[in-house]
There are 4 protein chains.
Amino acid sequence: MERKILLTDCPDAQGLIAKITNICYKHQLNIIHNNEYVDHSTGQFFMRTELEGIFNDETFLMDIDQALPAGSHRNLVDTSRRKRVVIMVTKESHCLGDILMKAYDGSLDVDIAAVIGNHDKLAALTEKFDIPFHFVSHEGLEREAHENQIIDIIEGYEPDHIVLAKFMRVLTPNFVARFPRKIINIHHSFLPAFIGARPYHQAWERGVKIIGATAHFVTNDLDEGPIIDQNVKHVDHTFSAEDMVKAGRDVEKTVLSNALSQVLEDKVFVYGNKTVIL
Amino acid sequence: MERKILLTDCPDAQGLIAKITNICYKHQLNIIHNNEYVDHSTGQFFMRTELEGIFNDETFLMDIDQALPAGSHRNLVDTSRRKRVVIMVTKESHCLGDILMKAYDGSLDVDIAAVIGNHDKLAALTEKFDIPFHFVSHEGLEREAHENQIIDIIEGYEPDHIVLAKFMRVLTPNFVARFPRKIINIHHSFLPAFIGARPYHQAWERGVKIIGATAHFVTNDLDEGPIIDQNVKHVDHTFSAEDMVKAGRDVEKTVLSNALSQVLEDKVFVYGNKTVIL
Amino acid sequence: MERKILLTDCPDAQGLIAKITNICYKHQLNIIHNNEYVDHSTGQFFMRTELEGIFNDETFLMDIDQALPAGSHRNLVDTSRRKRVVIMVTKESHCLGDILMKAYDGSLDVDIAAVIGNHDKLAALTEKFDIPFHFVSHEGLEREAHENQIIDIIEGYEPDHIVLAKFMRVLTPNFVARFPRKIINIHHSFLPAFIGARPYHQAWERGVKIIGATAHFVTNDLDEGPIIDQNVKHVDHTFSAEDMVKAGRDVEKTVLSNALSQVLEDKVFVYGNKTVIL
Amino acid sequence: MERKILLTDCPDAQGLIAKITNICYKHQLNIIHNNEYVDHSTGQFFMRTELEGIFNDETFLMDIDQALPAGSHRNLVDTSRRKRVVIMVTKESHCLGDILMKAYDGSLDVDIAAVIGNHDKLAALTEKFDIPFHFVSHEGLEREAHENQIIDIIEGYEPDHIVLAKFMRVLTPNFVARFPRKIINIHHSFLPAFIGARPYHQAWERGVKIIGATAHFVTNDLDEGPIIDQNVKHVDHTFSAEDMVKAGRDVEKTVLSNALSQVLEDKVFVYGNKTVIL
């Protein structure tokens with residue numbers, strides 16, 4: 001008995017759930033969990049179906065393809081293959097540390113192929129966990145040349161996802177285009193508040209009573225990509241900007257790990273500039 | 001075009017989603033929202049399907065009944081009929097007030113048939129909203145005689161649900177048995193902590209850092225019925241028991257209104273001593 | 001025995017707490033609660049001291065004034081006088097309703113002098129609670145002429161604070177200047193995200209996973225005044241913009257009532273564009 | 001210039017704040033932060049005063065002692081000395097991992113002297129951070145003999161605090177008595193709900209909609225010691241007991257780290273069975 005996940009993303013049409021579940025039934029695949037959602041504002045249908053049974057992928061997907069309308073996307077994910085990620089960092093350790101620890105104890109079912117830093121500060125921490133660390137300094141390099149070095153390293157690992165765990169440089173459209181819908185970033189504010197640099201200092205200046213963090217897919221528009229997860233923490237007037245930075249760390253790492261976990265479990269559909277999480 | 005909700009609650013079996021959605025498709029009923037859940041620990045299947053179309057209830061339900069296994073419950077709810085509730089209170093106004101206000105402005109789609117109090121303190125508030133208030137004092141009455149008076153009033157209104165909005169008396173098994181799965185209570189603690197009387201005083205004695213409230217269906221076991229919703233609020237050492245009582249009011253009223261809203265929208269399945277909310 | 005609150009707001013200096021508490025001690029005033037805060041980034045000192053005893057206001061304040069450095073503000077508030085507010089509304093009832101209910105049952109210790117609406121939709125609700133409602137339509141009036149009518153009504157009541165409980169018009173600098181630091185607004189977003197009109201629709205467009213509300217003092221910069229309180233609620237892809245509007249109501253009313261409560265208890269110091277809440 | 005913290009815990013009396021702050025002023029010590037609290041139900045006074053200046057500890061404390069009533073406790077803490085902890089674990093790594101990581105990157109200002117496990121599963125993780133791990137198996141040992149081995153190890157390190165980071169054995173009164181008010185435990189439920197073993201399974205059985213974690217000082221009454229911090233996470237019917245265990249990890253580690261942080265910063269007063277956190 002294998003377990004696979006059928007992901008369907010297509011224009012809505014009458015009878016879609018019936019058709020898809022009929023095909024599962026006909027193939028004697030047991031539905032363990034099923035979630036579907038229709039966005040009625042745009043008429044898009046999303047379905048995530050966890051199946052158990054003996055799979056003949058070819059004939060099953062042929063049946064599925066015949067049932068779906070034109071313009072459909074579908075994917076059958078084998079859950080027995082562990083996903084691979086490359087993590088990019090600068091100097092701050094809390095998000096990297098949380099992912100390392102969760103991969104180490106199995107809370108996150110993921111293979112961390114490598115960590116890449118534009119500083120070498122986190123090399124020692126990474127290597128404690130027997131994971132290769134690549135130090136690619138941006139010093140004295142044009143932005144594109146620097147990114148190309150990183151791209152070469154990433155492509156050598158063929159990762160499913162790239163995680164920006166407090167990587168503090170803005171990526172060029174060229175870089176982003178190389179890994180469409182694969183790059184996950186943690187932004188240290190409750191987006192769209194405080195886009196850009198030093199969001200905690202902006203928050204402190206504004207006198208907010210809550211700070212937050214946002215995990216999102218990276219697109220070419222800075223801090224504008226599809227949001228996966230957000231969370232917040234109450235603060236008050238006694239917090240300096242530095243206190244906010246410190247208080248925000250637990251929120252940042254929890255939001256990033258949670259977003260990554262949902263992505264790794266194939267629960268996240270990207271759709272326009274939004275996510276549907278089933 | 002009508003809108004109805006099909007509720008299915010039955011032993012799990014292969015192909016259930018396919019069968020049910022096929023029948024909807026065959027009857028040309030459009031699925032607006034669909035949620036289902038299988039409890040794998042007990043093998044129970046739950047499904048809530050919002051449908052739009054021209055209904056022939058008789059033939060549709062005949063088809064559904066043939067498709068479902070033995071021991072199934074199903075219900076087809078007409079959303080155009082507004083549900084009716086009777087509210088029971090003692091002296092505190094915040095939960096009653098929130099429901100009155102939300103019914104008044106349409107946030108809760110409900111018809112408040114009447115309010116019954118074992119004190120008359122909330123008569124004036126109730127009558128501001130042109131809703132009948134029945135004062136049924138328990139003074140000088142045996143518990144059963146008192147409850148029988150209340151039962152008579154309730155039965156005169158034929159409510160879908162009875163809401164205990166800070167009704168501060170324990171109900172007898174006789175009362176509870178008259179309205180199975182219909183009575184919703186707000187308990188002013190994060191159950192199962194602080195069962196019974198004066199939970200905020202118990203919480204203060206214990207020195208907790210969070211207080212909470214729990215909305216649940218009433219069964220014969222005090223504060224042990226199926227939980228519908230819970231929420232909490234942070235407190236600290238500066239809170240006296242009275243401060244906790246005051247701080248808890250917003251949590252209580254929000255939890256009760258939210259639970260009631262979900263029940264009114266037919267999202268809540270009771271199942272053993274738990275709820276499944278679809 | 002009377003109870004009064006001494007509020008001190010002045011440049012920081014060595015020995016301030018000692019000097020102020022010495023004077024209280026000398027006047028045989030018992031300190032019931034005391035909170036102080038120094039903003040070290042600007043060197044400003046804030047102190048809120050709840051006192052009990054027999055007060056000779058004149059000699060006590062003379063002593064305090066001598067102890068404080070130049071540029072100090074201090075105020076001795078008599079807690080036995082109930083504060084008076086005027087509420088301004090448009091069409092939505094949830095914030096008004098919550099304040100009416102809390103004033104009715106004593107959860108908010110406040111005298112609601114009047115409600116002013118630029119629509120008459122909430123007249124009936126207001127009058128249920130025996131509070132005068134003034135309908136001042138903006139139809140056919142220049143903005144200034146409309147505001148002047150409202151100003152005249154407000155000034156007739158001499159309120160301590162003006163509460164914008166979903167008043168959906170932007171106020172002119174002239175209006176704001178008439179009531180400095182007295183106007184409290186609820187903005188239906190987690191500021192500074194989604195400044196301006198239709199914030200829930202902006203939030204829905206952006207695909208956020210959390211919505212929020214912000215209570216703040218009104219200054220001339222739209223939605224930029226000192227923040228008093230904020231809170232949030234998790235949402236997901238299933239929420240339409242209208243669902244967000246509905247879900248946000250409980251957050252909005254709770255945040256506004258909580259902010260108002262803190263202001264009424266003289267806990268909120270305005271300072272630059274921020275608040276210090278003691 | 002040194003920085004020290006004066007902690008005062010004594011019966012309330014008129015003029016206490018004035019007396020203490022006068023002495024600070026007289027000794028030319030600048031008050032950086034000050035917080036005080038009076039529990040009016042028992043008449044106990046608590047004060048935490050962060051001071052900066054040139055300290056003559058002897059004369060300063062002599063003055064303080066003369067000012068305080070009989071039965072007072074006071075302590076002057078030198079913030080330049082880093083506190084030392086010993087951590088006790090069983091098999092689960094998330095709480096240990098979070099503390100190791102925060103000590104590593106400086107988020108927690110603490111010296112982890114050693115980790116003691118009744119299993120050896122976490123030895124490798126501990127040693128990655130160059131911290132000694134002591135494996136003290138309980139196999140084949142009487143409870144007291146086992147604890148005595150642990151006590152010997154702990155006493156060799158002279159720690160300020162002992163952190164039970166998911167140590168899954170109940171400690172005897174003998175052990176607890178050796179380290180009064182020094183042992184901090186994380187309990188994986190929202191106490192006092194679900195005292196004792198397998199709280200997530202109890203929570204799942206009960207059908208709760210929120211799970212939580214509680215950090216508390218350990219006393220002889222199981223799970224009954226003074227609570228330092230609590231937090232919660234929403235769950236729903238889709239969570240199995242195992243899902244709750246997994247979802248609870250982030251709450252547990254955050255609550256424990258936060259409680260430890262407050263203890264290390266000398267913000268926590270233990271008082272009866274409660275804490276006052278200034």
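Author: A polar contact is a pair of N or O atoms within 3.5 Å; within protein, one atom must be able to donate a hydrogen and the other to accept it, and residues adjacent in sequence count only if both atoms are side-chain atoms. This is a predicted model, in which local features need pLDDT of at least 70 and side-chain atom pairs count only at pLDDT 80 or more, while totals for chains, interfaces and linings use all residues; side-chain values use heavy atoms, with hydrogens and water left out. Residues are numbered from 1 along each chain as its sequence is written, and chains are lettered from A and ligands numbered from 1 in the order in which they are written.

Reader: How many residue pairs are in polar contact across the interface of chain A and chain D?

Author: Contact in general means heavy atoms within 4.5 Å, and by that criterion 20 residues of chain A meet 20 residues of chain D. With the polar rule applied, and both residues at pLDDT 80 or more, the number of pairs across this interface is 11.

Reader: Which helix supplies the largest share of the side of chain A that touches chain D?

Author: Helices (H or I, at least four residues) and strands (E, at least two) are DSSP runs, numbered from the N terminus. Across the interface of chain A and chain D, where 11 residue pairs are in polar contact, helix H3 (94–105), helix H4 (123–128) and helix H8 (241–264) of chain A each supply at least two residues of chain A's side. The largest share, seven residues, comes from H3(A).

Reader: How many salt bridges does the rule find between chain A and chain D?

Author: A salt bridge requires a side-chain nitrogen of Lys or Arg within 4 Å of a carboxyl oxygen of Asp or Glu. One is formed by Lys102(D) with Asp250(A), whose closest N and O atoms are 2.9 Å apart. Across the interface of chain A and chain D, the rule finds a total of four.

Reader: What share of the area that chain A buries against chain D comes from Met101(A), Tyr104(A) and Lys128(A)?

Author: Buried area is the accessible area (1.4 Å probe) that two parts lose on being put together, summed over both. For chain A and chain D it is about 1,700 Å², with carbon and sulfur atoms giving 48%. Of chain A's part, these residues supply more than any other three, namely 32%.

Reader: How are chain A and chain C related?

Author: A 180 degree rotation, with 0.0 Å of shift along its axis, superposes chain A on chain C with an RMSD of 0.0 Å. The two copies are therefore related as by a two-fold rotation axis.

Reader: What area is buried between chain A and chain C?

Author: The contact takes 32 residues from chain A and 32 residues from chain C. Carbon and sulfur atoms give 59% of the buried area, which is about 2,800 Å².

Reader: Which strand gives the most residues to the side of chain A that touches chain C?

Author: The rule finds two salt bridges across this interface, and Arg206(C) meets Glu224(A) in a salt bridge at 3.5 Å, N to O. Helix H7 (199–206), strand E11 (227–234) and strand E13 (274–277) of chain A are the elements that give two or more residues to chain A's side. With seven residues, the most comes from E11(A).

How values were computed:
Least-squares fit on C-alpha atoms with pLDDT ≥ 70 in both.
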